[in-house]
Amino acid sequence: MGTAFKETKVPADAPAKDKALAWIDDRFPLSKLWNDQWGKYYAPKNFNIWYLFGSLAMLVLVLQIVTGIFLTMHYKPDANLAFGSVEYIMKEVPWGWLVRYMHSTGASAFFIVVYLHMTRGLLYGSYRKPRELIWLFGFAIFLCLMAEAFFGYLLPWGQMSYWGAQVIVNLFGAIPFIGNDLSLWIRGDYVVSDATLNRFFAFHVIAIPLVLLGLVAAHLIALHEVGSNNPDGIEVKENLGPDGHGVDTIPSHPYYTTKDLFGVSMFLLIYSAVVFFAPEMGGYFLEYNNFLPADSLKTPPHIAPTWYFTPFYSVLRATTSDFMWVVMAGLAAYVVFIWLRSRLSHTTKIAITVLAVILEIGMLPQVLDAKFWGVVLFGSAVIILALLPWLDHSPVRSIRYRPGWHKTVYGVFFVAFLVLGYLGTQLPTPAYTLLAQACTLLYFSFFLLMPWWSTWGRFKPLPNRVTFTPH
């Protein structure tokens with residue numbers, strides 16, 4: 001037999017909203033969900049501006065979904081009609097230009113916010129135990145965003161949309177044995193065509209958003225299960241007060257609600273300025289070539305992805321046949337370094353050595369060409385971010401308590417990443433290619449050498465409680 005239904009008793013003279021809320025709570029845990037996830041979720045009291053970007057990412061996600069819904073009301077996923085339908089949205093649909101510019105600006109804003117959110121995690125060690133799963137869910141969200149942006153980039157059916165998709169899909173053709181069949185399966189045709197547009201549209205508006213929403217929910221649930229990190233990297237749950245909450249924590253509502261609202265207002269001010277005054281952002285958000293209809297017989301002089309992909313695209317473009325000899329030398333030196341300085345077991349070292357030998361043989365120009373290894377490095381540059389929780393062996397989480405020269409290491413990494421991003425937007429020249437190769441080596445060295453450099457130097461003692469200055 002089922003349990004008896006118990007109705008919450010509400011005073012007869014209670015306001016109507018309280019009665020309505022009690023009626024809902026008896027049938028659905030609305031108040032419990034609010035309190036668990038935000039209303040009575042206790043967070044460290046020393047959050048700074050870096051902690052705004054998580055809530056801003058949620059805001060941009062909502063903006064993208066809402067504007068995307070309105071765009072699909074008028075967009076035609078047909079190779080003969082897609083470009084015209086976008087023009088119709090821009091010129092004929094009331095306020096259509098605003099919705100389209102909000103969506104295109106929102107795509108770049110999403111990546112700006114997410115990159116800053118990831119930077120905060122890197123600086124304060126938010127990926128360290130016990131938050132590894134939070135980081136992995138966040139990384140999966142990042143992958144989904146990249147896929148969502150790529151699929152959406154084809155939909156305007158402009159010149160850069162068409163040729164950008166052609167180049168990226170053809171990258172899969174570099175995979176031995178299955179590459180050509182895989183490229184054909186992704187396109188749905190022998191070239192980027194109507195079939196490609198239809199399947200990309202389906203992924204962009206249905207499949208990826210559903211996965212993305214599920215991952216965002218998992219990310220938040222995992223975060224609220226183990227608690228938020230803080231700029232000091234101290235576990236606030238280890239110092240509890242009489243009420244059972246950390247003595248250095250405060251309820252998220254209203255304290256962080258008000259701060260988040262201020263952050264949202266500042267973001268919307270900048271976002272609106274871009275939408276109304278510079279939606280193309282000098283060609284970085286919307287390229288000139290994408291205002292021209294797709295033409296399979298006319299290749300643009302310079303094909304480059306949107307700016308948020310260019311750091312990884314630069315890694316791909318920097319991988320030349322000459323550069324592969326540098327990669328091979330670097331791999332051999334890394335294996336020697338592991339044998340000399342690593343505490344891994346003898347069996348593990350032998351396994352790594354065997355794998356390295358196989359890779360070295362594969363890197364020979366007679367075996368696999370540089371194009372294939374460019375795709376491998378392109379993917380590895382993204383995937384290596386997921387390994388951060390197991391690469392960082394520092395005794396402290398936050399950069400505040402690391403040796404001063406660690407800040408220089410982080411600074412060099414960020415500069416290398418930004419330079420790669422810039423170079424990906426430019427025409428390749430011998431000098432730019434050489435610079436991209438140097439930055440690629442710096443990028444991978446930051447991660448692959450992290451198990452060692454993250455433990456070197458004199459670390460500052462951690463305080464017993466979080467550092468906090470009331471204001």
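Lysine 32 is exposed, with a relative accessible area of 54%. The model in which this value was computed is a predicted one. Why does lysine 32 count as exposed? The term is used for residues over 50% relative accessible area, and lysine 32 has 54%, so it qualifies.

Lysine 32 has a partner. Its side chain forms a salt bridge with aspartate 36, and the closest N and O atoms of the two are 2.8 Å apart. Side chains of opposite charge can pair when their charged atoms come close. Where do aspartate 36 and lysine 32 stand relative to each other in helix α2? They are 4 residues apart in this helix, which spans residues 30-39, so about one helical turn separates them. Aspartate 36 is partly exposed, at 37% relative accessibility.

How many salt bridges does a search of the whole structure find? The number is 10. One of these joins the side chains of lysine 17 and aspartate 18, at 3.3 Å from N to O. Lysine 17 counts as exposed at 61% relative accessibility, while aspartate 18 counts as partly exposed at 32%.

Another salt bridge joins the side chains of arginine 397 and glutamate 235, with 2.9 Å from N to O. This pair links distant parts of the chain, the two residues being 162 residues apart. Arginine 397 is in the loop between α15 (388-391) and α16 (404-423), and glutamate 235 is in the loop between α9 and β2 (249-251). Are these two residues buried or exposed? Both arginine 397 and glutamate 235 are buried. Salt bridges can also form a network, as they do among Lys45, Asp248 and Arg465.

Next comes helix α8, made of residues 179-187. Which of its residues are buried? They are Gly179, Ser183, Ile186 and Arg187. Seen down the axis of α8, these buried residues fall within an arc of 95°, so they line one face of the helix. The buried residues pack against two other helices, α7 (159-171) and α9 (194-226). On the other side of α8, Asp181 and Trp185 are exposed. Just after α8 comes glycine 188, which takes a positive phi of about 80°.

A positive phi also occurs in residues other than glycine. Tryptophan 95 is one of them, with phi near 60°. This tryptophan is found in the loop between α4 (82-91) and α5. Tryptophan 95 is exposed, with 57% relative accessible area. Methionine 281 is not a glycine either, and its phi is positive at about 50°. Methionine 281 lies in the loop between α10 and α11 (310-318). With a relative accessible area of 33%, methionine 281 is partly exposed.

Which residues does the cis bond with an omega of about 5° join? They are lysine 129 and proline 130. Proline 130 is found in a loop, between α5 (96-124) and α6 (132-154). A cis peptide bond also joins histidine 253 and proline 254, with omega about 15°. The place of proline 254 is in a helix, α10, which covers residues 252-277.

How values were computed. Residues numbered from 1 in each chain as written. Predicted model: local features only at pLDDT ≥ 70, side-chain atom pairs only at ≥ 80, totals over all residues. Heavy atoms only, no water. Buried < 20%, exposed > 50% of the residue type's maximum accessible area, 1.4 Å probe, protein only. Arc of directions from axis to C-beta. Contact = heavy atoms within 4.5 Å. Salt bridge = Lys/Arg side-chain N within 4 Å of Asp/Glu carboxyl O.
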